[in-house]
Amino acid sequence: MAPPPPASMPLGQRMMHLAQTLQFGWFVGHLTLLFCSLRYSLSYIFFQSSSRWARFSYRTAFVAAAATYGIVVYKAFRARARSSGRQQPGALNLLGDENVQYLLMALVWLFSYQIPLALLPFTVYSVFHVATYTRANLIPTIQPPQQTPSTSAGASPGGRPASKPSSPLADTIGRFVKEYYDASMTLVASLEIFLWFRVLFSAAIFTRGSWILLALYTVFVRARYSQSSFVQGAVGQGVDRVDALVANQSTPPVARQAWETIKRLGRQATDATDLGRYAGGGQAGKKAQ
């Protein structure tokens with residue numbers, strides 16, 4: 001993430017300098033996604049999810065999601081192109097990048113029928129991206145840290161000016177991100193898994209286009225499982241809970257056998273779809289941004 005503009009510039013010029021960066025467009029995209037998600041959530045709560053404004057908010061949220069992840073993918077591609085001697089990744093390696101995966105899924109949801117649950121993982125990510133950008137760039141641009149002379153008691157080593165502590169708001173945001181990040185990523189993993197069952201239900205009742213959507217989303221979830229420890233943990237917890245239920249003496253033997261069959265088929269499918277065998281060692285993609 002690029003540093004904020006120099007504190008010596010006037011506020012207007014600092015804001016203009018900040019707004020001219022791709023990173024600011026990324027921030028605006030995440031902010032737009034949050035506002036649209038909130039607007040759609042209100043429509044959904046009041047049973048107006050089919051209204052024109054609700055449909056507009058839903059589609060715009062995924063347009064914003066596609067734009068933000070598109071910016072990250074573009075910047076990564078441009079950085080590789082500028083690096084001397086670095087070859088561009090192949091198709092499988094490119095699809096192994098988490099940002100590419102979320103970009104493609106945002107486009108899939110954009111052109112699919114509405115599933116409110118699909119917005120939630122993107123919304124959680126946007127909360128932390130907006131918070132991080134606000135702390136690292138927006139607050140220092142609006143209120144730059146003041147520097148004290150080198151002769152003061154708080155001077156930094158080497159005679160350089162020492163900066164005063166960051167703003168209380170920035171400190172609060174930092175504590176929030178640090179305290180709730182892991183729990184929120186676990187929540188995202190659980191939402192993505194639950195969403196798969198939601199899509200499976202749509203396919204079971206033969207909703208139009210649901211089988212294609214199920215196939216695409218299954219590929220996405222499989223990729224997330226191979227790359228995210230949070231998804232692996234959520235799946236493990238779910239399996240353990242079902243194991244505990246099946247182990248109950250009141251559970252019919254047929255149900256136990258069916259569950260063991262499901263687990264065996266799941267393990268076989270996981271092994272058969274391990275892209276690490278085909279993508280040069282299975283290096284994990286970059287963290288979603």
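Predicted model: local features only at pLDDT ≥ 70, side-chain atom pairs only at ≥ 80, totals over all residues.
A residue counts as buried when its relative accessible area is under 20%. Side chains of opposite charge can pair when their charged atoms come close, and a search of the whole structure finds four salt bridges.

The link spans distant parts of the chain, as R224 sits in helix 8 (residues 210-227) and E98 in helix 5 (residues 98-110), 126 residues apart. R224 also meets E192 in a salt bridge, at 3.7 Å from N to O; here the partner belongs to helix 7, 32 residues away from R224. Both R224 and E192 are buried, and E98 is buried too. Taken together, E98, E192 and R224 are linked in a network of salt bridges.

A further salt bridge joins D243 and K263, with 3.1 Å between the closest N and O atoms. D243 lies in helix 9 (residues 229-246) and K263 in helix 10 (residues 253-272), so the pair ties together parts that are 20 residues apart in sequence. K263 has a relative accessible area of 18% and is therefore buried, whereas D243, at 25%, is partly exposed.

Turning to helix packing, the axes of helix 6 (residues 119-142) and helix 7 (residues 168-204) come within 9 Å and cross at roughly 160 degrees, which means that helix 6 is roughly antiparallel to helix 7. Their crossing is left-handed, and the residues of the contact comprise 19 nonpolar, four polar and two charged.

Note on methods: Residues numbered from 1 in each chain as written. Heavy atoms only, no water. Axes fitted to C-alpha atoms, helices over the stretch in contact; angles between N-to-C directions. Helix = DSSP H or I, 4+ residues; strand = E, 2+ residues; numbered from the N terminus. Parallel < 35°, antiparallel > 145°, perpendicular 65-115°, else oblique. Left-handed = near helix turned anticlockwise from the far one by under 90°. Nonpolar A, V, L, I, M, F, W, Y, C, P; charged D, E, K, R; others polar. Salt bridge = Lys/Arg side-chain N within 4 Å of Asp/Glu carboxyl O. Buried < 20%, exposed > 50% of the residue type's maximum accessible area, 1.4 Å probe, protein only.
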